[in-house]
Amino acid sequence: MAEIDREQLLDVYTRTMKVNRTDEKFRELLMQGKVAVMYYCVRGQELISGAAMAALEDDDYVVCTYRGQGEQTAKGIPIEKWWGECLGKETGTCKGKGGTMHITDPDTGIMVTTGVVGSGLPIANGLAMASQNNGDGRVTVVSFGDGAANIGAFHEALNMAQLYKLPVVFLCQNNRYGEHTAFADHTSSPDISGRAAGYGMKGVKVDGNDVNQIYPAMVDAVEHARSGKGPVLVEAMCYRMMGHFFGADFSYMPEEHLAEMQAEDPLPKLRKVMLDRQFSEEELDKIVANIDVDINNAVQHALDAPLPSIDEIYKDVLEESA
Amino acid sequence: MGQITMTQAINLAIDEAMAEDDGVFCLGEDVSAKQGGGVFKVTAGLTEKYGEQRVRSTPISETAIVGAAVGAALAGQRPICEIMLMNFVAVCMDQIVNHAAKLRFMSGGQTPCPMVLRTTTGVGVGFGGQHSDMLEAWFAHVAGIHVVTPSNAADARGLMRSAIDANDPVIFIENILCYGLQSEDPGVGYRVPLGKAAIAKEGSDISIVTYGRTVLDALEIAGELDKEGISVEVIDLRTIAPYDEETVLASVRKTGRAITLHEAVKPFGPGAEIAANIQEKCWDTLKGPVRRIGGTFSAVPFASQLEQAWIPQKSDLIAQIKASVGKA
């Protein structure tokens with residue numbers, strides 16, 4: 001396998017750390033009681049988002065889920081607006097009307113964040129269908145978990161995407177839990193990527209904790225989709241290192257699973273790859289420090305921002321009321 | 001310009017919109033030429049003009065069909081998706097209710113969803129319990145959707161153009177029994193605004209608020225009762241939600257009496273909402289209670305004699321009008 005270009009590696013690292021620092025900050029604010037909202041932690045899945053978004057062009061489309069912080073921040077959503085939305089403020093991407101589960105920012109390609117498991121896949125097909133119809137060359141990436149692979153929308157969407165050879169990449173972040181149920185207890189097949197064969201689709205399974213696997217896999221998948229060869233199902237194996245949502249009990253995770261998860265943590269592994277590729281400790285620390293400064297400023301901005309005005313409940317229902 | 005059927009009217013409206021805007025396209029089960037242009041031929045002839053990419057026959061995958069329409073609409077296109085029969089919306093409600101209807105609001109206005117969902121249904125065809133329901137109340141109960149149904153061919157042409165123009169999702173309900181109705185062709189570019197009712201017949205004693213196929217029943221009865229000296233006003237809502245409250249209330253303030261009439265079942269039907277609204281806002285001018293007529297509260301039965309008895313009865317409409325005006 002060809003080595004990842006150094007510049008690309010740095011891009012993946014920066015995006016990945018943005019995801020991680022955002023996640024750490026969110027949990028800190030929740031722990032301190034400064035914020036009280038639903039938040040779905042992405043600890044353990046940061047690299048998949050960082051690598052996947054680094055494989056896209058700026059104007060490509062993304063559809064994600066309530067656990068979509070990674071895709072959103074890694075794609076480049078303006079973080080002041082992101083924090084504003086998560087805190088339910090007027091300055092948010094959606095004026096505080098969407099919230100953590102419905103972040104939308106078409107300017108950076110974040111088209112839909114759905115709170116309904118599996119619903120993003122058919123919508124991603126539609127975005128890709130528009131690109132196919134008007135020849136704009138865009139690719140749509142839709143991210144979802146292993147739990148989503150068992151809802152009918154998954155099957156309908158994959159069949160239709162392959163039928164029309166839509167420029168879409170189905171990115172399954174297999175974090176081994178569907179809500180609180182372990183993979184083996186909710187899925188009869190040994191994996192998700194194997195199902196691609198049933199649709200005549202290209203399917204790949206990679207280690208989502210290894211940048212040398214997930215990044216090239218996403219680059220290949222995006223290229224495949226963009227070139228008109230059709231969709232790809234990428235299954236990125238990872239661990240959800242926390243409960244289903246912030247504060248949720250996850251004592252049901254077996255001891256050996258927790259140990260395995262710690263050993264496979266994508267962040268120390270990524271750091272090691274960076275050091276092996278001659279990036280210095282100082283350089284990497286500086287990147288994180290800069291991200292932290294931006295995040296702290298954005299959080300403060302969001303905390304200080306006004307609440308949405310009450311008449312917003314009547315606006316944006318239909319065009320007339322916009 | 002000659003006469004057109006409702007089938008032709010809808011087809012012409014879609015055709016002219018596709019000719020004007022490359023972003024308009026059709027998708028649904030069997031809609032393409034290879035499959036005959038739709039089970040009721042509404043999209044016949046369009047594939048030949050615009051190609052298979054803009055008239056996509058789909059798998060039997062309602063969630064994928066509506067989801068694709070939602071996604072394409074978010075990307076700025078104007079999809080017209082077809083859910084072959086209205087009962088099948090039950091298998092794709094998530095895409096309609098949680099996504100199409102709400103994405104404008106939840107995004108703070110950033111992602112409007114300009115799509116049309118065409119669907120057909122109707123009682124009296126012998127299709128039984130899973131192919132006949134009028135389920136418009138389900139959608140009228142969700143903010144962010146227009147619900148439209150024509151009662152004649154000219155309105156069908158004008159409403160379809162407006163539905164395609166709209167920057168929000170429109171559920172466009174076609175009654176199977178109305179496809180053959182003929183009107184004078186209103187011509188290219190004709191539009192009937194959404195949210196605007198028509199006074200199908202003027203009258204002074206009582207207002208019948210209805211839509212779709214039952215407009216025909218109401219007009220027939222109104223004609224008969226004219227001869228008996230009862231002057232019935234018939235309001236064709238055309239848009240069921242959000243409906244033209246102004247026209248309805250003005251009519252009731254004039255007549256002082258109202259009956260809501262629809263093929264959908266009576267309990268919790270659109271008529272219940274309209275009747276309640278009339279009673280809240282026209283109480284001072286009402287001369288009696290607002291009455292409601294709707295389909296029987298059971299599944300639509302198969303056997304012809306049962307199905308015919310299930311439908312709102314003309315005899316019941318006459319009796320209720322007479323009871324309202326005190327001529328029972």
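**The side of chain B that touches chain A**

Guide: In this structure, 35 residues of chain B are in contact with 32 residues of chain A; two residues are in contact if their C-beta atoms, placed from the backbone, lie within 7 Å. This is a predicted model, in which local features need pLDDT of at least 70 and side-chain atom pairs count only at pLDDT 80 or more, while totals for chains, interfaces and linings use all residues. Residues are numbered from 1 along each chain as its sequence is written, and chains are lettered from A and ligands numbered from 1 in the order in which they are written.

On the side of chain B that touches chain A, the elements that give two or more residues are α3 (62-74), α4 (93-100) and α5 (103-106) of chain B. Such elements are DSSP runs numbered from the N terminus: helices (H or I) have at least four residues and strands (E) at least two. With 9 residues, α3(B) gives the most to the side of chain B that touches chain A.

By class, the residues of the side of chain B that touches chain A divide into 14 nonpolar, 18 polar and 3 charged. Here Ala, Val, Leu, Ile, Met, Phe, Trp, Tyr, Cys and Pro count as nonpolar, Asp, Glu, Lys and Arg as charged, and the others, Gly among them, as polar.

Chain B also has a contact within itself. Its domain assignment gives domain 1 (3-184) and domain 2 (198-325), with bounds that come from an automatic or database domain assignment. In chain B, 25 residues of domain 1 are in contact with 24 residues of domain 2. To the side of domain 1 of chain B that touches domain 2 of chain B, α6(B) gives the most, with 4 residues.
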